[in-house]
Amino acid sequence: MTSPRPAPEGIPTLDGSPASETASEDQAGPSDPQSPAPGAPQSPAPGDPASPGSERTPAPGVDALDSPESIAAEVSAAIRAFLESKDAEFRAISPDAEDISSALVDFTAGGKRIRPVLLWWGYQLAAGAGFDREDVADALARAAGSLELLHAAALIHDDVIDHSDTRRGRPALHRQFAGRHADLGLRGDADSFGISVAIVIGDICLALSEELFESAQVSLGTPESARALRAQLRRDVMVGQFLDVRAEVMPLDDDRLAERAWEVLSFKSAKYSVEQPLLLGAALAGADGALLEEISRFGLPLGQAFQLRDDVLGVFGDPSATGKPAGDDIREGKRTVLIAESMKSLSSADIDVLSARLGDPGLTDAEVRETMEMLTSGLQAVESAIGDKYAQSVAVLDEWAQTGGRIGPRALAQLTDFAHALSFRQS
């Protein structure tokens with residue numbers, strides 16, 4: 001059993017609070033068909049971008065990584081400068097197109113910048129002692145910023161798909177434009193207008209993500225593994241979104257429910273949120289296949305812990321911290337690992353009730369609370385799985401620190417604390 005641990009001094013958790021939750025390593029968690037047994041190497045498949053290639057072997061020895069705060073500041077500035085530069089282009093097409101850049105500047109101003117930080121750190125891990133911050137910082141900020149734009153595009157579309165009213169405590173983008181419909185003196189249905197605009201702006205954001213990444217490649221170079229990983233990341237999150245849509249209409253008694261839940265967890269979020277940004281950053285620095293495989297061993301279980309926590313917060317999270325209503329995933333009908341695990345201990349009568357309530361946007365607050373109570377058995381199993389995944393990830397960091405000197409004590413503390421914050425955050 002991992003004991004509660006305060007965050008190292010100077011390294012904040014993602015929600016700004018001390019990292020003091022408990023991670024369980026010795027309790028059995030839900031079965032995960034997407035991940036090997038704890039401690040087993042996660043080797044890339046033949047032909048995968050992480051297979052050993054011809055890139056140079058990166059220098060070992062990272063004493064300390066740039067702070068998440070400094071990375072987030074540089075990436076945020078790069079995103080804003082890029083979007084503001086696009087504003088003149090949009091205005092040149094039509095004055096009405098001004099809404100595109102202003103909406104994206106506002107939408108991308110928030111967030112934790114998890115993916116940009118991890119891409120940056122992946123680059124540092126691969127470059128090692130040879131990392132020259134002044135030489136690559138601008139291009140690296142643009143490459144990292146491109147991931148944030150890809151993430152923004154996914155969130156905009158996700159809110160439309162899930163009929164979400166809020167994002168980060170504010171109206172979702174399609175709700176914002178629906179609300180402006182009357183103020184602009186427009187005709188037709190306000191909700192249809194908001195949805196249409198959000199879909200198009202999400203598409204534009206995706207295109208801009210590619211443009212920003214290509215501008216970074218001019219300075220950073222274009223290793224074949226980086227191009228392939230970028231394509232794989234983009235593909236996986238979109239396929240993961242499709243799988244999520246498909247899973248939401250599965251009957252709860254479908255024997256494939258748990259397997260599908262793990263597929264959605266891994267491909268919609270776990271890989272693209274943690275593992276793939278790390279791999280992409282390392283590939284941009286010229287990492288060889290052996291290092292990419294090592295980074296995958298750290299990144300994939302951490303990404304799974306991250307998304308398992310997200311699933312917990314989607315049902316049991318504090319709305320004041322998450323910016324989403326309590327039990328939001330229940331009303332949206334998410335078939336998560338939490339749901340699959342809860343099914344194991346529910347009576348047939350409870351399963352019938354759960355099946356009727358999942359995906360019903362008209363549930364009362366009392367019905368949501370009752371449904372949350374039904375999911376407490378699954379919550380225990382998921383918390384155990386989060387502890388297991390976190391422990392797998394941190395074990396790899398300990399290997400890096402103790403053998404080969406790939407990371408020094410400060411880098412170890414930074415990575416360990418970040419892993420803890422991702423796994424046990426409150427928002």
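Which helices each supply at least two residues of the lining of the largest pocket? They are helix 3 (114–127), helix 4, helix 7 (224–247), helix 8 (257–284), helix 9 (289–316), helix 10 (319–322) and helix 11 (328–332). Helices are DSSP runs of H or I with at least four residues, and strands are E runs of at least two, numbered from the N terminus.

The model is predicted; local features need pLDDT of at least 70, side-chain atom pairs count only at pLDDT 80 or more, and totals for chains, interfaces and linings use all residues. Residues are numbered from 1 along each chain as its sequence is written, and side-chain values use heavy atoms, without hydrogens and water.

The largest pocket holds about 1,200 Å³ of space. Its lining comprises 49 residues, of which His 151, Leu 155, Asp 158, Arg 167 and Asp 310 are the closest to the centre. A pocket is an open set of points on a 1 Å grid over the protein atoms alone, with protein on both sides within 12 Å along at least five of seven lines; a cavity is a set where a 1.4 Å probe fits but cannot get out; lining residues have an atom within 4 Å of a point. Helix 4 gives the most to the pocket lining, with 10 residues.

The whole structure contains 2 cavities of 30 Å³ or more. The second largest cavity has a volume of about 40 Å³. Among the residues lining this cavity are Phe 107, Glu 148, His 151, Leu 155 and Arg 168. Helix 4 again gives the most, here with 4 residues.

Definitions and conventions:
Points joined across faces, edges and corners; volume = space filled by probe spheres on them.
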